[in-house]
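Please look over the sequence and the model first.

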Amino acid sequence: MYLNFKTNTFCLDFNVKLVMESLLLLMTKFEKRNTGCNPLAETGRSKLQNQRAVLNQQILRAVRMRAGAENLLRATNNNKVREQVLLELSFVNSDLQILKEELEGLNISVEVYQNTEETFSIPLVPLGLKETKEVDFTLPLKDFILEHYSEDSSEYEDEIADLMDLRQACRTPSRDEAGIEMLISYFLQLGYVENRFFPPTRHMGVLFTWYDSFTGVPVCQQNLLLEKASILFNIGALYTQIGTRCNRQTQAGLENAVDAFQRAAGVLSYLKETFTHTPSYDMSPAMLNVLVKMMLAQAQECVFEQIGLPGIRNEFFTLVKMTQEVAKVGEVYMLVNTAMNQEPVKENIPYSWSKLAQIKSDHYKALAHYFIATILCDHELQSGDDEDQQEKALSQLYDYMPEGLMVLTVLKDKVQRKQLGKAHLRKAIVYHEEALRVCGLCKKLRNIDVLQEVLTAAHKRSLLKYAQQETEDDFLSLIQAPDILPKTEHRIETITPQFSKVKVKDFFHRLGPLTVFSAKQRWTAPRTIRIHLEAGELGFSLKGGSPVQIYCLDPVCSAASMGLKEGDYIVSVGDVDCKWLGVNEVLEKFKSVGEQPIEIEVISCQDTAASMHSKSATYSVGMQKTYSLICLAMEDDKIDQTKKAPLKLPFLSWGTKNRQKAASTLCLPSAVAGSSQIKKKLSPFTLLNTESSLY
């Protein structure tokens, strides 16, 4: 019994060890491929994304039900059926409106994205990430590798898995620079994938589904441009989340916030200019234009907070500067609010966003009037003050002065200063009250405690300042405070995305150089050519970069008789893949063989052969390309074999008689390379036209 117990224990320990090793291997592989954050982590942002995904599915079902009811309504003439369908439509539209309001509530859940430390600042608005469905690249890419590149597709399973894992990780990127870099890496990788596997003449059968971040309506297309545009949108959205996450109570945090919002505006602007006619509302030119303005406005707001972070001194010229800066913030938010209320953006933008822009516009305009009132009420012109400088500074704040007033007179006259100062305070109070009123009307905004506290505190401060002024008959004062001219010393502009800073290696690098092995060019299956040296000569030369190309082929050499053609690319020498080898490296492979026969594999461009159909009188547009190739081959066979072609200069010659000539093995590579065109490495943006369309 004891022995059996020990044996069982040993077997149990051995099995546990195997299971632990397997789990460790799987975890290592998972960590290697997945760089996104844990989608199952119980964080506020992950809960928000999960809620958004559930709402997207509910909206999709409701949209399908509405489409079916509308089709039935158009198809039937039965009044009873029409009444029932109309009733169902009313219920479906009501459900859609409720779901849309819930999605709007998630989009305005700014407290989830804000800095976790206690702050006394108006919340900023981030963008939520677009949701997508999983995509399986396995079968389409494997079929294309086998059909187009004539390679064993099973050898590329790891590369396809890496691509799918990277896409899966991009659905839940970490909210930092690492997350941005991962999204950019996938965007650049899509450029390689597009050039490798997505020919412009047909679809690959890969369906991409992305949900609109504002309406939840899905967009399904087989176009890779939808994938690239959606990833760009998420890059901009992640920048906005990073900006709202910054600690706005520190100088460094505000600088990072300004930079993040400028970069978000740059990415969204790049998306608007590069991808036109996008089928999703959130990526339409009108919506992107509004989002860019909103991000720049938030960057301008952070600049003002950055200037006032050390404290605002109650000094004449300091207050003049702050008045113009805060007036600029109020102006940009007024423009954002105006843009949000224009068609067609008005129907899809969250209602609370437009109201928040209106609140911020009124709030910062009120602060501008409060600052200039402080200038007029607290700083009387003293004998030692520079009248000219104060007059110049104050005159820059106004486009015009109230009738009967002049800037220098106001500075010198105490009564006029008080009257104009109180007029500005009255206008500030009016703006504060309007901001509080709008905030109270919006259900989403009035539940944000910090927003209510900031607006209330600013309102009370203006009321207190007004109460501190001398009590006099205000009915005798008919002065209306003029508008304040906005001005800033910190110009906020978009920062164009610099994707080149992220280095990406093509997952499918083994297929060969992208300049040759792309989806645009069709190649024949590799042909095996057995080469016999004739008097130490091959009968052809090589040119180009990677891969090398047959050049100066002697039509009567043994290689030509076995099917080698001028212009063929060498893809392997012996058993060595040489797609990425240059002329010198291929030369070394030939030299290492010596006088022994060697087998090489070559490919021919089918498109080039098809373009030569004018040489064949039997070519027809309706016939297959292979038919024209047969005709061309028959014409080539008619060449008079008895006619001795002039012997072309051999590329490889290892005999003693040619060693000292310029055509020797040591000299020819540089001579040929100099005469051939240098092929540049194809960038993933080669096919990214500024007029690209998703349709």
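The model is a predicted one.

**Aromatic pairs**

- The count of aromatic pairs comes to 14.
- One of them joins Tyr149 and Phe197, with 6.4 Å centre to centre and 80° between the planes, an edge-to-face pair.
- Tyr149 is in the loop between α5 (138-148) and α6 (157-170), while Phe197 is in helix α7 (residues 177-197); the two are 48 residues apart, and the pair links distant parts of the chain.
- Tyr149 is buried at a relative accessible area of 8%, and Phe197 is buried at 0%.
- Phe214 and Trp353 have ring centres 5.5 Å apart and planes at 90°, so this pair is edge-to-face.
- Because Phe214 lies in the loop between β1 (208-211) and β2 (218-221) and Trp353 in helix α12 (residues 351-378), the pair ties together parts 139 residues apart in sequence.
- Both Phe214 and Trp353 are buried.
- Tyr149 and Phe197 also belong to one aromatic cluster with Phe144 and Phe508.

**Charges over rings**

- Arg461 places its charged end over the ring of Tyr370, 5.0 Å from the ring centre.
- Lys579 has its charged end over the ring of Phe517, 5.5 Å from the centre.

**Glu599**

- Glu599 is part of strand β9 (residues 598-603) and counts as partly exposed, with 39% relative accessibility.
- Beyond its neighbours within four places in sequence, Glu599 is in contact with Thr528, Ile529, Arg530, Val573 and Gly574.
- Thr528 is 71 residues from Glu599 along the chain, yet their C-alpha atoms are separated by 6.4 Å.
- The side chains of Glu599 and Arg530 are joined by a polar contact of 3.3 Å.

Definitions and conventions: Residues are numbered from 1 along each chain as its sequence is written. This is a predicted model: local features need pLDDT of at least 70, side-chain atom pairs count only at pLDDT 80 or more; totals for chains, interfaces and linings use all residues. Side-chain values use heavy atoms; hydrogens and water are left out. Helices (H or I, at least four residues) and strands (E, at least two) are DSSP runs, numbered from the N terminus. Buried means under 20% relative accessible area, exposed over 50%, partly exposed in between (1.4 Å probe, protein chains only). Contact means heavy atoms within 4.5 Å. A polar contact is a pair of N or O atoms within 3.5 Å; within protein, one must be able to donate a hydrogen and the other to accept it, and residues adjacent in sequence count only if both atoms are side-chain atoms. Rings of Phe, Tyr and Trp (its six-membered ring) pair if their centres lie within 6.5 Å; planes under 30 degrees apart count as stacked, over 60 as edge-to-face and the rest as tilted. A charge sits over a ring if NZ of Lys or CZ of Arg is within 6 Å of the ring centre and within 35 degrees of the ring normal.
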